[in-house]
Amino acid sequence: MIQINEAALRKRIFLFYIAAGLNLGMGFFVLTAGGTTASRGTLWTIALVFLGFAALNYYVARTLKKKWEEVARQRRQNAV
């Protein structure tokens, strides 16, 4: 069975949430501040890439959290 370090997993989940927030912020920054330097189509493409990565980071963090909760629940049931 694979040993899971709870502290490392929590840190990884937290970093995925931070990455999602940064990508979200960068996507909105590109949309609001980039209008003077690039064409509209380019801005939307760049912003959608950032927003897509934000969604992916959020999804991975939620999936890791759900899997960890399931493993912890199974451990508690096996301990009883």
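Leaving aside its neighbours within four places in sequence, which residues is N23 in contact with? I'll answer that in a moment. First, a caution: this is a predicted model.

N23 lies in helix α1. The contacts, with those sequence neighbours set aside, are F50, F53, A54 and N57. N23 counts as buried because its relative accessibility is 16%, and the cut-off for buried is under 20%.

Now to the other helix. α2 runs over residues 40-79. That is 40 residues, with 58 Å from the first C-alpha to the last. At 1.5 Å a residue the expected value is 58 Å, and the model is close to that.

Which residues of α2 are buried? They are L43, A47, A54, N57, A61, W68 and A72. What covers them includes α1. On the spacing, the general point is that an α-helix has 3.6 residues a turn, so residues three or four places apart point the same way.

Next, the surface. F14, L15, I18 and L22 make a nonpolar patch of about 390 Å². Of these, F14 sits in α1, which spans residues 6-33. F14 counts as exposed because its relative accessibility is 52%, and exposed means over 50%.

Last, N78, which is in α2. Is N78 buried or exposed? N78 is exposed, with a relative accessible area of 68%.

Technical notes. Residues are numbered from 1 along each chain as its sequence is written. This is a predicted model: local features need pLDDT of at least 70, side-chain atom pairs count only at pLDDT 80 or more; totals for chains, interfaces and linings use all residues. Side-chain values use heavy atoms; hydrogens and water are left out. Helices (H or I, at least four residues) and strands (E, at least two) are DSSP runs, numbered from the N terminus. Buried means under 20% relative accessible area, exposed over 50%, partly exposed in between (1.4 Å probe, protein chains only). Patches are made of residues with over 30% relative accessible area and no salt bridge: like charges are joined within 9 Å, nonpolar side chains (Val, Leu, Ile, Met, Phe, Trp, Tyr) within 5 Å. Accessible areas come from the Shrake-Rupley method with a 1.4 Å probe; for residues, only the protein chains shown count as cover. A salt bridge is a side-chain nitrogen of Lys or Arg within 4 Å of a carboxyl oxygen of Asp or Glu. The expected span of a helix is 1.5 Å times one less than its number of residues. Contact means heavy atoms within 4.5 Å.
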